[in-house]
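Dear colleague,

I am passing on the structure below, together with some notes on what turned up when I went through it. Please read the notes with the coordinates open beside you.

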Amino acid sequence: MPAVLFLGLLFCFPMAFHQPQPHHAKLVIADPAVERDVDTALQRHHPGGFEVTAVADAREARRAVLDRDGVAGFAAKGRHAVLYVAKANGATLEQALTKGFTQLAARNHQKLTVTDVAPTVSKDGPGTTVVYFGIAWNVPGYILATTLLRAVTFNRRKKLITVAGVAGLFSVVGFLVGAGLGFFPNDPTALAIAFLLTTAVATFSLGMAPFVKHFFPLAGLGLYVVLSVPSSGLVPVQLLPGFFQALHAVMPLGNAVDALRGVLYFDGAGVLKPVLVLCVWITAGMALLGLDAWHHHRMALRREAQDEPEDVPEPPVEDPSVEAPTPTALPVHPHHFGELLPMLEGTVRDGEQQPIRHVAVTVMDTGGRQLVRTTTNARGEYAVTGLPEGYISIVVSHPGRGPLVHQKLLQSGVAVRADFTLHDRRNATSVRAGAQRLDPGHARHGS
């Protein structure tokens, strides 16, 4: 996995960011008579770099840029020409367009005037600040999912509620920082986009975890760093190679950046499509969670029908930066916020219902492998967490007492209790012997 991530970073970032060139950037020309000349000149210097369309006049060319139907609009009349650009699309794209059309106007002996129809705020000179905030809402969504994988006492509903709560908190804090410090305009609509981005990443990560298993770190970092950042818009999308332009159209980070630019600088133009893409990611994550729940339910029904447990796959390996959940014995006391909660707990008593101290409690999986071993405290209590879903066996034993075994089914987010009553071996033998002496059938059989 480190080798794959190394190669991914090695090739994706330089290919996306090194010497950006226009690829299928849409231009709008005000005069249809000028369209062919402009198209020919641009294709000569940038083959396949631009897609040129014509509109009636300069007003429509300007409107096309504001509606995000084109990255630039060009209108020429006599010795004067006007280029409409939007710095909100990225200063690198604005500079490339200005340079190209300045040369074009000079060859036609025209004076070019550049008009910025969507300027950014003063603190966002490069026009990429929304990308940085998008990354801040993107990567923590994946880390949130890896953290929730350790929340073994949370069921799927609680995990989704936690995702929504954390996403809401992150979106509010990020927006207050960005708008309060003047990094982008104060438009509360950005809150919804930020919320959708964090929710989409966290929900899809939770959903894919049971299916990618040990490759979860590779899948998460590959999706949300290796592929998302180069296609996010740090380099304007129109200057990216075709592969990264295609990624930008489907990755949550790239769509969130498009939506943020739309609500902050273009009066909501072009926002619907990226919002729908983010909703698709959320829906796909919930569908994967539902599929995993259905799979576990089906396996449980099959085990019940066969009346014998089967091996249950262990939880997926998590991000290396986060400790994976392992079967662990816990002290029995009221748990405070942030402490691990027990998945399995119980009490061991004797025949007189008095607690027994130092009883050995061993938890095993269906294959007989010991998961964890602990002992009861002075109150006869024990607690364990970090156990995988599925059937487990709990064996309790104490010197001088007969051992007992209980089998329990563990489910995500459900705490299970297993209490035991251990009888003294001598008392149990005496009781059985007395019962045999009082049994007439046994007496006749003996005679």
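What follows starts with the chain as a whole and then turns to one arginine and one surface patch.

Please bear in mind that this is a predicted model, and that the values below are computed from it. The chain has 447 residues, of which 44% count as buried, and its secondary structure comprises 13 helices and 14 strands. Among contacts between residues at least 6 apart in sequence, 68% join residues that are at least 24 apart. The chain exposes about 22,500 Å², and 60% of that area is supplied by carbon and sulfur atoms.

The residue I would point you to is Arg 261, which sits in helix α10, spanning residues 252-265. Arg 261 is buried and yet has no salt bridge, since the cut-off for one is 4 Å and the nearest side chain of opposite charge, that of Asp 258, is 4.9 Å away. What the side chain of Arg 261 does reach is backbone oxygen: that of Ala 88 at 3.1 Å, and that of Gly 127, which lies 3.0 Å from one of its polar atoms. Leaving aside neighbours within four places in sequence, the contacts of Arg 261 include both of these residues as well as Arg 68, Asn 89, Thr 128, Val 130, Val 131, Gly 233 and Phe 266.

At the surface, Phe 6, Leu 7, Leu 10, Phe 11 and Met 15 form a nonpolar patch, whose accessible area comes to about 520 Å² together. Of these residues, Phe 6 lies in helix α1, which covers residues 2-17.

Definitions and conventions:
Residues numbered from 1 in each chain as written. Predicted model: local features only at pLDDT ≥ 70, side-chain atom pairs only at ≥ 80, totals over all residues. Heavy atoms only, no water. Helix = DSSP H or I, 4+ residues; strand = E, 2+ residues; numbered from the N terminus. Buried < 20%, exposed > 50% of the residue type's maximum accessible area, 1.4 Å probe, protein only. Lys, Arg positive; Asp, Glu negative; His and termini not counted. Polar contact = N/O pair within 3.5 Å; in protein donor to acceptor, adjacent residues only side chain to side chain. Contact = heavy atoms within 4.5 Å. Patch = residues over 30% accessible without salt bridge, like charges linked within 9 Å, V, L, I, M, F, W, Y side chains within 5 Å. Areas by Shrake-Rupley, 256 points an atom, 1.4 Å probe, with all protein chains shown as cover.
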